[in-house]
Protein chains: 4
Amino acid sequence: MAALEAARDLLVELGYEALSIEAIATRAGIGKQTIYRWWRSKAAIIVEAVLEGIIDPPGSVIIDTGHLRADLERWLDSVVAALARPGGEALLRALAVAGASDPAATRALTEGLSGAEQEALLNRLRAGRQAGQIRADVDLKTTADTLTGAVVVTVLSRAPLTTERARKVLDVVLNGIESKPTDLTGSDRGLDSHPDARL
Amino acid sequence: MAALEAARDLLVELGYEALSIEAIATRAGIGKQTIYRWWRSKAAIIVEAVLEGIIDPPGSVIIDTGHLRADLERWLDSVVAALARPGGEALLRALAVAGASDPAATRALTEGLSGAEQEALLNRLRAGRQAGQIRADVDLKTTADTLTGAVVVTVLSRAPLTTERARKVLDVVLNGIESKPTDLTGSDRGLDSHPDARL
Amino acid sequence: MAALEAARDLLVELGYEALSIEAIATRAGIGKQTIYRWWRSKAAIIVEAVLEGIIDPPGSVIIDTGHLRADLERWLDSVVAALARPGGEALLRALAVAGASDPAATRALTEGLSGAEQEALLNRLRAGRQAGQIRADVDLKTTADTLTGAVVVTVLSRAPLTTERARKVLDVVLNGIESKPTDLTGSDRGLDSHPDARL
Amino acid sequence: MAALEAARDLLVELGYEALSIEAIATRAGIGKQTIYRWWRSKAAIIVEAVLEGIIDPPGSVIIDTGHLRADLERWLDSVVAALARPGGEALLRALAVAGASDPAATRALTEGLSGAEQEALLNRLRAGRQAGQIRADVDLKTTADTLTGAVVVTVLSRAPLTTERARKVLDVVLNGIESKPTDLTGSDRGLDSHPDARL
DNA sequence: ATATAAGCGAGACGGTACGTCCAGTCTTGGT
DNA sequence: ACCAAGACTGGACGTACCGTCTCGCTTATAT
């Protein structure tokens with residue numbers, strides 16, 4: 001649909017707030033009414049553009065090599081890379097605003113976008129649990145949300161989202177922060193052969 | 001300032017997007033120009049109202065009883081309670097939108113609001129580290145962001161933020177998700193030497 | 001058009017300067033943009049209202065009974081009567097201001113309004129010339145302007161425009177002021193040869 | 001007063017409508033309140049500037065050489081010249097608008113400006129009547145108003161005010177337009193040795 | 001093959017809010 | 001004590017969009 005492509009272009013040029021339905025219609029060379037016939041709001045247009053892949057979302061890659069930490073690192077790296085593309089962070093912010101403004105958009109996004117993205121992440125975590133890499137009593141949904149939450153907050157607060165930061169987040173989520181007084185041998189520390197894991 | 005109180009009231013009544021500077025001026029019984037003289041944007045008004053305490057942010061209580069987990073539970077409970085107040089979640093969403101719309105607002109919020117809130121949280125974490133309750137190599141800033149991030153995404157995605165959910169988040173962050181003490185054989189550790197583990 | 005009627009009413013109530021486009025739109029129950037779509041300025045609205053007859057201009061009646069002086073007297077009387085109507089003088093002043101403010105309005109008024117009004121007057125004068133009642137070398141356009149000019153200045157200077165005053169103007173224009181028939185000696189004519197008489 | 005000079009400058013630069021009291025105060029380097037202390041309105045400022053000679057009015061010269069027509073021609077020429085100066089016509093229009101907007105300004109102008117200007121013209125006409133050059137029953141005030149009225153209307157209608165036009169006006173007012181059937185000898189025509197009198 | 005209708009572009013419409021300018025009043029601080 | 005400086009409420013400016021509403025002009029079916 002020309003409207004979605006026009007919306008994408010204008011979103012990049014102007015940002016979400018300055019984006020107007022009128023401008024989308026004009027740019028797309030279609031009537032305003034046609035837009036209203038298909039979408040309820042500005043947020044709905046952007047959401048659909050994302051879900052339809054016209055705006056390519058800050059996609060990420062989740063694979064399963066059997067090594068949980070490595071896979072999650074790879075995933076976080078791909079997220080960082082996706083957001084580092086021009087307009088990547090702006091798009092995530094736009095989606096956040098669209099979601100905050102419109103409950104329907106929120107639902108569509110969490111079901112659609114996260115339905116692809118988060119589900120893949122969850123699957124990897126489930127596999128990790130089955131492989132005994134993840135404690136059985138951990139809530140995997142919470143884990144996924146915690147990981148993405150750290151990313152979202154970083155972007156919303158306009159802090160630079162670097163690979164290092166991603167590593168630190170991963171370290172917290174994988175290892176927790178509590179010191180284990182019962183495990184002074186550092187049995188699992190030795191296994192952590194990544195000296196830069198918490199740079 | 002009457003403007004800030006009017007902004008607060010209208011924010012609760014209408015939400016951030018529907019909030020207009022004209023309405024704030026009318027409600028406050030002041031001239032529109034006066035608002036423009038003091039604030040650059042709608043976001044700036046809300047930010048100042050929050051920082052000045054006219055809008056009381058979803059504030060929280062952080063105390064130090066020496067028991068880290070209990071203190072963090074108490075803190076998260078207070079956050080949940082604050083957001084459960086009428087307009088609490090809407091306010092957080094409004095702040096997120098304000099921050100996403102206006103870089104200056106982002107900075108002011110992260111420095112001001114988190115400067116009080118997050119700093120207190122960080123202090124508690126530092127105390128915990130000194131007390132040996134937190135691993136020395138953990139990045140405390142990341143920890144704080146991860147905790148708040150989980151809260152923020154939950155609210156932004158309009159999922160119910162319950163005490164249970166808060167407990168689960170805390171469990172992940174405190175304990176991590178990796179199973180360790182029961183798995184001293186390092187069954188999956190062999191993979192750790194994958195050369196591409198941190199690509 | 002509702003806008004023109006609203007403009008007319010408000011012009012009478014408030015006067016030209018206090019008249020606002022916003023008030024016209026509100027009174028007419030139309031959007032402000034609609035007004036801007038059709039007219040460039042406040043002056044243009046008033047001008048069109050006059051030309052369309054929504055505001056009926058201080059119209060006058062010019063007939064041809066063959067008796068020049070009587071016809072002009074009748075015309076002037078009708079002008080006086082028209083201006084004596086409530087808002088009549090105010091309207092003329094408003095038109096003067098509109099014309100003074102906006103060159104386009106000036107043109108429209110002189111071509112449109114005077115195009116009807118002045119043309120009729122000119123026609124009567126032409127008929128008078130053909131009938132030998134008016135000197136052949138008199139510039140009729142100048143004559144018409146002189147008559148209306150006397151009326152306009154009177155109104156602009158807020159002097160009472162009475163039938164008596166109209167009669168006096170007519171006397172000047174019809175007869176001239178120079179005493180002639182009784183002064184055939186040309187007592188002051190000797191000066192006529194002054195070389196600088198028309199510097 | 002600096003305010004009057006600032007008003008004059010801004011009047012030339014911007015025109016009457018675009019002239020603002022705020023701009024006058026700023027330009028004059030004085031407080032707005034000071035202006036309101038001395039003048040009631042924008043019109044009042046302009047009027048006083050004219051009356052005080054800060055804005056020099058389209059002044060004219062009326063002399064008495066004994067030759068009525070020549071003197072009036074000379075006067076009209078000086079009026080034409082004054083209005084031909086840059087901003088001359090604009091000033092007259094501004095005064096017309098000021099007068100139309102503000103009754104007090106009208107009075108001040110007609111008493112002040114015309115008190116100098118018109119009085120001199122009236123005096124010349126009175127002298128002409130005493131010399132028998134003007135019919136005894138002519139209303140001299142009306143005559144003066146008719147002459148100035150023709151000038152004012154010409155300027156307001158944005159028609160070019162030329163010497164030729166002034167001559168034609170003078171011809172009408174001096175000679176009248178009616179042909180004199182009882183004076184076929186053309187006694188007074190011969191005296192009119194100005195072949196270009198009605199160009 | 002022609003009539004009917006459905007979808008579309010275009011854009012006018014009544015509105016709301018924008019951000020700016022100025023009116024006219026009031027307060028403050030320096031001379 | 002005055003006055004420049006300028007903040008204040010109020011209100012109009014002219015613009016941008018909103019979401020609704022006709023308009024004609026395609027196309028595309030259904031008679």
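Glu178(B) and Arg69(A) are joined by a salt bridge in this predicted model, their closest N and O atoms lying 3.8 Å apart, where the term requires a side-chain nitrogen of Lys or Arg within 4 Å of a carboxyl oxygen of Asp or Glu. The rule finds eight salt bridges across the interface of chain B and chain A. The side of chain B that touches chain A draws at least two residues from each of helices H6 (88-101), H7 (103-130), H8 (140-156) and H9 (163-175), helices being DSSP runs of H or I with at least four residues, numbered from the N terminus. H8(B) gives the largest share of that side, 10 residues.

In total, 54 residues of chain B are in contact with 60 residues of chain A, contact meaning heavy atoms within 4.5 Å. The area buried between chain B and chain A is about 5400 Å², with 55% of it given by carbon and sulfur atoms; this is the accessible area (1.4 Å probe) that the two parts lose on being put together, summed over both.

Residues are numbered from 1 along each chain as its sequence is written, and chains are lettered from A in the order in which they are written. Because the model is predicted, local features need pLDDT of at least 70 and side-chain atom pairs count only at pLDDT 80 or more, whereas totals for chains, interfaces and linings use all residues, and side-chain values use heavy atoms, with hydrogens and water left out.
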